[in-house]
Amino acid sequence: MPGQDTIVDLIRHGEPLGGRMIRGQGVDHPLSALGWQQMRAAVGDDNPWDLILSSPMARARDFACELASRHGLPLAVDPELREVAMGAWEGRRPTDLAQQEPAVFSAFRRDPVANRPPGGERLDALQARIGRAYDRQVASYPGRHLLIVCHAGVSRAIVGHVMDADPRHWYRIRIDYAGLTRIRHEQHGISLEFVNAQRLRTWRHP
């Protein structure tokens, strides 16, 4: 609503079937039983949102659909909110990659912009895609409280976008399964209220 703050909550999907591995766009396992439990525990019974937005990937979309249905909220699936493509690394476990290709993995951790996985999406391309999608959605719903159900890479890109942070530093942000982040757009600018919270915080900005 005009004159009111626009609040955007981000939540990463819970643990998918198969446990921890590198999943981008080519590997999309549904949530495990633990993953569903993580998501439900993170949001509880609260319903502060006016609209839910979701990545098109099943590990995010399935929970977004359930939550929207439970609370009778509108749901929009935005294809641009899909996870960063990780090329040849998709489906591999980080621990295996670190053991089998330690120099390559270390280079990626030092500078993820210059050392992308073979066939992976460039971080400048991710920055443009996610920034465009985020700005479009915020502009479309002024004064509303939005929930975006997405991924670790997308959450980092959104935080990097609103903080004007260099993509080389995005991987310093920890985003756990079902981790929650809140961004507030107000008259005098943008504030990052919390990152990677385990439970939804219902306190109101003064």
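**Note on the predicted model: pocket, sheet and helix packing**

1. Three helices, α3 (94-100), α4 (102-110) and α6 (152-163), each contribute at least two residues to the lining of the largest pocket. The model is a predicted one, and the points below should be read with that in mind.

2. The volume of this largest pocket is about 700 Å³. Its lining consists of 27 residues, of which Arg 12, Arg 20, Pro 94, Ala 152 and Arg 156 are the closest to the centre. Sorted by class, the lining residues are 14 nonpolar, 10 charged and 3 polar.

3. The strands to look at next belong to an open sheet of 6 strands with mixed pairing. Their order across the sheet is β3-β2-β4-β1-β5-β6. From one strand to the next, the twist averages 20 degrees.

4. Within the sheet, β1 (residues 6-12) runs parallel to its partner β4 (residues 145-150), and the pairing covers 6 bridges.

5. Leu 180 has Ala 197 of β6 as its bridge partner. The two strands, β5 and β6, make up a hairpin, with 2 residues between them.

6. Helix α6 also packs against α5 (residues 123-140): the angle is about 75 degrees and the axes lie 9 Å apart. An angle from 65 to 115 degrees counts as roughly perpendicular, so α5 is roughly perpendicular to α6. On the α5 side, the contact is made by Leu 126, Ile 130, Gly 131, Tyr 134 and Asp 135. On the α6 side, Gly 153, Val 154, Ala 157, Ile 158, His 161 and Val 162 take part. By class, the residues of this contact are 7 nonpolar, 3 polar and 1 charged.

7. To sum up α6: this helix supplies at least two residues of the lining of the largest pocket, and α6 also packs with α5 at about 75 degrees.

Notes: Residues numbered from 1 in each chain as written. Predicted model: local features only at pLDDT ≥ 70, side-chain atom pairs only at ≥ 80, totals over all residues. Heavy atoms only, no water. 1 Å grid on protein atoms, 1.4 Å probe; cavity = no way out; pocket = protein on both sides within 12 Å on 5 of 7 lines; lining within 4 Å. Points joined across faces, edges and corners; volume = space filled by probe spheres on them. Helix = DSSP H or I, 4+ residues; strand = E, 2+ residues; numbered from the N terminus. Nonpolar A, V, L, I, M, F, W, Y, C, P; charged D, E, K, R; others polar. Pairing = 2+ DSSP bridges. Axes fitted to C-alpha atoms, helices over the stretch in contact; angles between N-to-C directions. Parallel < 35°, antiparallel > 145°, perpendicular 65-115°, else oblique. Contact = heavy atoms within 4.5 Å.
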